[in-house]
Amino acid sequence: MSTWAVLVAAGRGERLGGDRPKAFAPLGGRPLLAESLERLEASEWIDAIVVVAPDGWGEPSILVAEELGCGKVSATVAGGASRAESVRVGVAEADREAAALVVHDAARPLVSEDVIGRVLTALGQGWDGAVPGLPVSDTVKRIEGERVVETLARDELRAVQTPQAFAADVLRGALEGDVSGASDCASLVEARGGRVAVVPGDRRLLKVTTPEDLALVESWLAGE
């Protein structure tokens with residue numbers, strides 16, 4: 001019963017600046033994509049990988065995988081118009097016999113073996129999906145326009161990250177139909193009545209959005 005990873009690297013990264021997609025922003029002297037790809041390749045939990053590359057950057061993505069010696073990479077495909085559509089394209093390339101699918105954003109380069117293990121262990125406990133999450137430290141308020149309408153209880157909130165893991169048939173079903181407005185894969189599974197668990201996340205799983213984020217992740221790497 002195999003586990004396939006879909007590495008979503010198709011984001012444009014406009015807020016990051018530069019002349020290339022986010023996945024090819026420099027991190028420690030190599031493309032951002034290389035860090036999460038190398039970690040998924042090394043994971044004992046992952047059997048095969050599909051890379052969802054920026055449109056027009058398929059060949060450079062293949063070269064990154066080859067330079068890293070990533071024998072688990074089964075396919076590299078171009079992403080869609082939205083993140084969810086990119087996930088759907090990637091999932092379509094995974095083996096139909098796969099038992100579990102792990103979806104991870106290349107924009108969170110410091111994916112760890114511990115977090116991968118936690119989300120997949122939850123599937124083994126009978127959940128349809130599992131996501132890593134962190135407690136919310138700030139007070140969060142729901143607003144309408146400029147007016148506060150509700151203050152939410154922080155102990156009931158989590159900031160959710162990737163990798164997210166799902167029973168393969170559950171995620172495939174959730175990706176049917178219109179997915180353009182989905183913020184993550186778990187929301188699609190939840191909308192169809194799927195049971196999704198939250199497991200402890202990792203503060204180093206920062207999503208790189210700005211040059212400051214990139215510099216922070218690079219400092220963490222330098223300290224390893």
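Begin with the cysteines: this predicted model holds zero disulfides. Select Cys70, which counts as buried because its relative accessibility is 10%, under the 20% limit. Proceed to Cys185, which is likewise buried, with a relative accessible area of 2%.

**Helix α1**

Next, select residues 32-42, which form helix α1. How many of the 11 residues of this helix are buried? Eight of them are, so the helix is largely enclosed by the rest of the structure. To see these residues individually, colour Leu32, Leu33, Ala34, Glu35, Ser36, Leu37, Leu40 and Glu41, which are the buried positions of α1. An α-helix has 3.6 residues a turn, so residues three or four places apart point the same way.

**Salt bridges**

Now turn to the charged side chains. Side chains of opposite charge can pair when their charged atoms come close. The model contains seven salt bridges, and the tour visits several of them.

Select Arg83 and Asp105 and display their side chains. The two form a salt bridge in which the closest N and O atoms are 2.9 Å apart. Which elements does this pair connect? Arg83 belongs to helix α3 (residues 83-93), whereas Asp105 belongs to strand β6 (residues 100-105), so the contact ties together parts that are 22 residues apart in sequence.

Move on to Arg142 and Glu150. Their side chains meet in a salt bridge, with an N to O distance of 3.1 Å. Arg142 is partly exposed, its relative accessible area being 39%. Glu150 also counts as partly exposed, at 34% relative accessibility.

Then select Glu144 and Arg147, whose side chains meet in a salt bridge at 3.6 Å, N to O. Glu144 has a relative accessible area of 47% and is therefore partly exposed. Arg147, at 53% relative accessibility, counts as exposed because the threshold for that class is over 50%.

For the last stop, select Arg30, Glu35, Glu38 and Arg39. Salt bridges that share partners join these four residues into one network. Keep helix α1 displayed while viewing the network: Glu35, one of its members, is also among the buried residues of that helix.

Conventions:
Residues numbered from 1 in each chain as written. Predicted model: local features only at pLDDT ≥ 70, side-chain atom pairs only at ≥ 80, totals over all residues. Heavy atoms only, no water. Buried < 20%, exposed > 50% of the residue type's maximum accessible area, 1.4 Å probe, protein only. Helix = DSSP H or I, 4+ residues; strand = E, 2+ residues; numbered from the N terminus. Disulfide = S-S within 2.5 Å.
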